[in-house]
Amino acid sequence: MKNFDNSKKAFKEAQGYMPGGVNSPVRAFKNVGGDPLFIKQGKGSHIEDIDGNTYIDYVLSWGPLILGHADDQVVSALQAATAKGTSYGAPTELETQLAKKIREIVPSVEMMRMVSSGTEATMSAIRLARGFTHRDKIVKFIGNYHGHSDSLLVDAGSGLATFNINTSPGVPKDLAYDTLTVPYNDVEGIKAVFEKNGPEIAAVIVEPIAGNMGVIPGTQEFLDTLRQLTTDAGSLLIFDEVMSGFRAAYHGAQSLYHIKPDLTTLGKVVGGGLPVGVFGGRRDIMEHITPDGSVYHAGTLSGNPLAMTGGLSTLNQLNDNLYKKMTAKTTRLVEGIKAAADAHDVPITVHHVGTMWSYFFNGGDVNNFADVQASDVAYFAKFFKQLLQQGIYTAPSQFETNFMSSKHTTQDIDDTIQAFNDAFDAVNNG
Ligand code: PMP
């Protein structure tokens with residue numbers, strides 16, 4: 001058995017200062033009934049906790065670290081940038097360099113603004129859509145998560161799903177009233193909402209490949225329907241690719257479905273582990289942002305030189321070939337997991353797209369949030385703790401996604417599959 005004494009001690013102290021001892025709720029492991037690990041360092045595919053235990057890491061900071069921990073090029077670029085000063089609050093060429101790179105990879109993002117988190121990106125995109133269309137209502141899908149701004153904390157996934165909260169207290173009811181929610185992948189449901197409310201809808205925001213209720217890909221028909229309905233009603237289509245961007249595919253989920261959204265939000269990988277979010281899209285819409293237009297957006301640390309360097313030194317190392325390799329590794333892993341579950345008679349559904357993967361202890365089809373909720377979360381909690389014992393660090397919730405990095409080796413993957421087999425043995429016999 002691994003010893004977690006130092007993590008336990010650190011957690012106890014942290015709880016005196018921060019609610020739940022953490023700065024983001026799912027980190028607390030509350031839903032899986034354990035104490036979180038405090039991390040000392042990471043390199044490549046591995047992390048080490050403050051008790052000296054090492055793990056193969058599939059959380060990867062919840063997605064950003066596509067090149068693994070402490071990538072040599074990212075670290076040396078950041079060291080060089082830091083020596084020149086950490087922030088100026090004035091333009092730098094780095095911002096244009098990162099913007100150019102993003103547009104090259106995701107061409108629908110004709111113009112963009114840099115921010116410091118995914119939450120800011122989606123919040124700003126919603127304000128822009130409302131300002132552009134002069135309408136108030138927005139549509140989101142049940143179990144999709146778009147960060148913690150008021151309008152979007154309605155029927156959300158991720159931590160809200162993990163802790164069984166529908167809509168956060170503190171969200172004014174008038175704001176929640178303007179957020180219409182529909183089950184994910186429900187073509188008839190979204191058609192009905194547009195029939196009734198079409199002329200009042202500013203935007204539909206969607207995770208084209210949902211990652212905040214585990215991985216659930218949108219169907220082609222569903223996403224095509226969103227594109228058609230929004231175009232017909234004069235509403236905007238916002239693809240929230242904070243997670244799926246540079247993850248589901250090099251050129252984002254939009255490249256897989258051949259759909260051009262009006263606006264796209266990015267985060268996570270785009271900062272390479274530093275705080276970066278992006279919202280962008282059609283030039284004629286983005287020109288409504290201040291100072292060219294009157295929809296307000298600003299940020300003291302927006303476009304920060306260290307954050308831009310983290311993003312640039314990461315995106316500059318990505319290419320189509322790397323994605324082929326990472327996707328093949330992900331496929332090898334999830335096939336191994338499925339075989340391990342089958343061999344132990346554990347009902348499982350495994351989903352993966354590109355470098356995103358998750359599994360549900362649920363033998364049926366999983367296409368929306370109601371399906372996810374039918375999963376066996378009690379088994380998940382036991383299994384998660386066994387995986388930690390086996391040296392595998394995965395997302396501590398059935399409602400989250402795991403990731404793959406360029407640094408995970410075939411050996412790491414085969415060791416992980418073995419660990420899954422051992423964890424199934426331990427839970428089933430324990
Ligand atoms: N949108 C999506 C799709 C996300 O997955 C997340 C975070 N997991 C966010 C928005 C919010 O990003 P952040 O946590 O950086 O505010």
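Visitor: Which of the 17 residues around the ligand come nearest?

Guide: Happy to show you! This is a predicted model, in which local features need pLDDT of at least 70 and side-chain atom pairs count only at pLDDT 80 or more, while totals for chains, interfaces and linings use all residues. Residues are numbered from 1 along each chain as its sequence is written.

The residues that come nearest to the ligand are Ser 117, Gly 118, Thr 119, Gly 147 and Val 242, out of 17 around it (a residue is near if its C-beta atom, placed from the backbone, lies within 6 Å). Helix 4, residues 118-133, gives the largest share of this shell, with 3 residues (helices are DSSP runs of H or I with at least four residues, strands are E runs of at least two, and both are numbered from the N terminus). By class, the shell has 11 polar, 4 nonpolar and 2 charged residues (Ala, Val, Leu, Ile, Met, Phe, Trp, Tyr, Cys and Pro are nonpolar, Asp, Glu, Lys and Arg charged, the others, Gly among them, polar).

Now let us turn to another spot. Val 74 belongs to helix 2, which spans residues 72-82. Since 24 other C-beta atoms lie within 10 Å of Val 74, this residue is buried (20 or more means buried, 12 or fewer exposed, and in between partly exposed). Apart from neighbours within four places in sequence, Val 74 is in contact with Leu 67, Gly 272, Gly 310, Ser 313 and Thr 314 (contact means C-beta atoms, placed from the backbone, within 7 Å). Val 74 and Gln 317 are 243 residues apart in sequence, yet their C-alpha atoms are 9.5 Å apart in space.

Next comes a pair of helices. Helix 7, residues 187-197, packs with helix 8, residues 220-233, at an angle of about 10 degrees, and their axes are 10 Å apart. The two helices are therefore roughly parallel to each other (the term covers angles under 35 degrees). On the helix 7 side, the meeting residues are Val 187, Ile 190, Lys 191 and Phe 194; across from them, helix 8 brings Glu 221, Phe 222, Thr 225, Leu 226, Leu 229 and Ala 233. This contact is made up of 7 nonpolar, 1 polar and 2 charged residues.

Beyond its neighbours within four places in sequence, Ile 190 is in contact with Val 182, Thr 225, Leu 226 and Leu 229. Ile 190 and Val 377 are 187 residues apart in sequence and 29 Å apart in space, C-alpha to C-alpha.

Finally, here are some strands. Strand 1, residues 39-43, pairs with strand 2 in the antiparallel sense over 4 bridges (pairing needs at least two DSSP bridges), and Ile 39 stands opposite Asp 49 in strand 2. Their hairpin has 2 residues between the strands, and Gly 44 there takes a positive phi near 60 degrees. Strand 2 also pairs with strand 3, residues 54-57, again in the antiparallel sense, over 3 bridges, with His 46 opposite Ile 56 in strand 3. This second hairpin has 4 residues between strand 2 and strand 3, and Gly 52 in the turn has a positive phi of about 90 degrees.

Terms used: Axes are lines fitted to C-alpha atoms, for helices over the stretch in contact, and angles run from 0 to 180 degrees between N-to-C directions. Angles under 35 degrees count as roughly parallel, over 145 as roughly antiparallel, 65 to 115 as roughly perpendicular and the rest as oblique. Two residues are in contact if their C-beta atoms, placed from the backbone, lie within 7 Å.
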